[in-house]
Amino acid sequence: MPPAEPEERVRLDRWLWAARFYKTRSLAAAAIAGGKVQLQGQRVKRSKLVQVGDEVRMRKGPFEQTVIIRALSERRGPPAEAAALYEETVESIRARERRSTEMHVQPSFDFKTKGRPTKKERREIDRWKRSR
């Protein structure tokens with residue numbers, strides 16, 4: 001049996017899963033379908049083939065990350081191997097750090113309530129609704 005040749009192209013959802021950006025391929029596919037992942041600045045389908053040198057932009061929560069593909073893999077390996085599959089851009093690192101510090105500086109909203117309204121409070125709410 002001849003030795004396996006290295007892959008030249010891999011599906012986007014498989015690469016995101018192998019690079020450990022998403023825990024499962026279905027989560028990666030859902031993010032791609034939801035427009036949270038862009039390849040070369042374009043919205044693509046999960047079956048789009050990626051190659052070394054492509055730029056992938058991902059949004060997860062309030063953070064946006066831009067990475068350059070450095071290697072391809074169709075299998076999910078240890079985190080050290082996954083980290084070798086990509087290189088995050090300097091601008092992306094700065095933007096994430098800036099966003100993180102902004103979030104830490106912002107005051108957090110504490111919702112202080114005792115839970116469900118009491119019977120007395122429900123009656124007051126009903127009276128208020130009826131009066132409108």
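**Burial, rings and contacts in a predicted model**

Me: Where is V50 found?
Reply: V50 sits in strand β4, which covers residues 49–50. Keep in mind that this is a predicted model.

Me: Why does V50 count as buried?
Reply: The cut-off for buried is under 20% relative accessible area. V50 has 0% relative accessibility, so V50 counts as buried.

Me: Which residues does V50 touch, not counting those up to four places away in sequence?
Reply: V50 touches E8, R9, V10, L12, W15, L39, I69 and L72. Take W15 from that list. V50 and W15 are 35 residues apart in sequence, yet their C-alpha atoms are 8.0 Å apart in space.

Me: What makes W15 buried?
Reply: Its relative accessible area is 0%. Buried means under 20%, so W15 qualifies.

Me: How many aromatic pairs are there?
Reply: The count comes to 3 aromatic pairs.

Me: Why is the pair of W15 and F21 called tilted?
Reply: Start with distance. Two rings pair if their centres lie within 6.5 Å. The centres of W15 and F21 are 6.0 Å apart, so these rings pair. Now the angle. Under 30 degrees is stacked, over 60 is edge-to-face, and the rest is tilted. The planes of W15 and F21 stand at 40°, so the pair is tilted. Both residues are buried.

Me: What makes the pair of W15 and Y86 edge-to-face?
Reply: The ring centres of W15 and Y86 are 6.4 Å apart, and the limit for a pair is 6.5 Å. The angle between their planes is 80°. Over 60 degrees counts as edge-to-face, so that is the name for W15 and Y86.

Me: What parts of the chain does the pair of W15 and Y86 link?
Reply: Distant ones. W15 is in helix α1 (residues 12–18), Y86 is in strand β7, and the two are 71 residues apart. Ring pairs join W15, F21 and Y86 into a cluster.

Me: Why is Y86 called partly exposed?
Reply: Buried is under 20% and exposed is over 50%, with partly exposed in between. Y86 has 23% relative accessibility, so Y86 counts as partly exposed.

Me: How do you know that K60 lies over the face of Y22?
Reply: The distance from K60 to the ring centre of Y22 is 4.7 Å. The distance limit is 6 Å, and there is an angle limit of 35 degrees from the ring normal as well. K60 is assigned to the face of Y22.

Me: Where is E88, and why is E88 called buried?
Reply: E88 is in strand β7 (residues 86–88). Its relative accessibility is 15%. The cut-off is under 20%, so E88 counts as buried.

Me: What makes the link between E88 and Q65 a polar contact?
Reply: Their side chains meet at 3.4 Å, and the limit is 3.5 Å between N or O atoms. A polar contact of 2.8 Å also joins the side chains of E88 and R96. Beyond its neighbours within four places in sequence, E88 is in contact with Q65, T66, V67, I93 and R96.

Me: Why is Q65 called buried?
Reply: Q65 has a relative accessible area of 17%. That is under 20%, so Q65 is buried. Q65 is found in strand β6 (residues 63–69). Among its contacts outside four places in sequence are F21, V56 and S92.

Me: Where is Q40, and what is its phi?
Reply: Q40 is in the loop between β2 (37–39) and β3 (42–43). Its phi is near 55°, again positive. At 46% relative accessibility, Q40 counts as partly exposed.

Me: How many helices and strands does the protein chain have?
Reply: There are 5 helices and 7 strands.

Me: Why is the protein chain called more spread out than a compact globule?
Reply: Its radius of gyration is 23 Å. The globule rule gives 14 Å for 132 residues. The value is well over that, so the chain is more spread out than a compact globule. Along its principal axes, the C-alpha trace spans about 80 × 35 × 30 Å. Of the 132 residues, 27% count as buried.

Methods
Residues are numbered from 1 along each chain as its sequence is written. This is a predicted model: local features need pLDDT of at least 70, side-chain atom pairs count only at pLDDT 80 or more; totals for chains, interfaces and linings use all residues. Side-chain values use heavy atoms; hydrogens and water are left out. Helices (H or I, at least four residues) and strands (E, at least two) are DSSP runs, numbered from the N terminus. Buried means under 20% relative accessible area, exposed over 50%, partly exposed in between (1.4 Å probe, protein chains only). A polar contact is a pair of N or O atoms within 3.5 Å; within protein, one must be able to donate a hydrogen and the other to accept it, and residues adjacent in sequence count only if both atoms are side-chain atoms. Contact means heavy atoms within 4.5 Å. The radius of gyration is taken over C-alpha atoms; the globule rule is 2.2 Å times the number of residues to the power 0.38.
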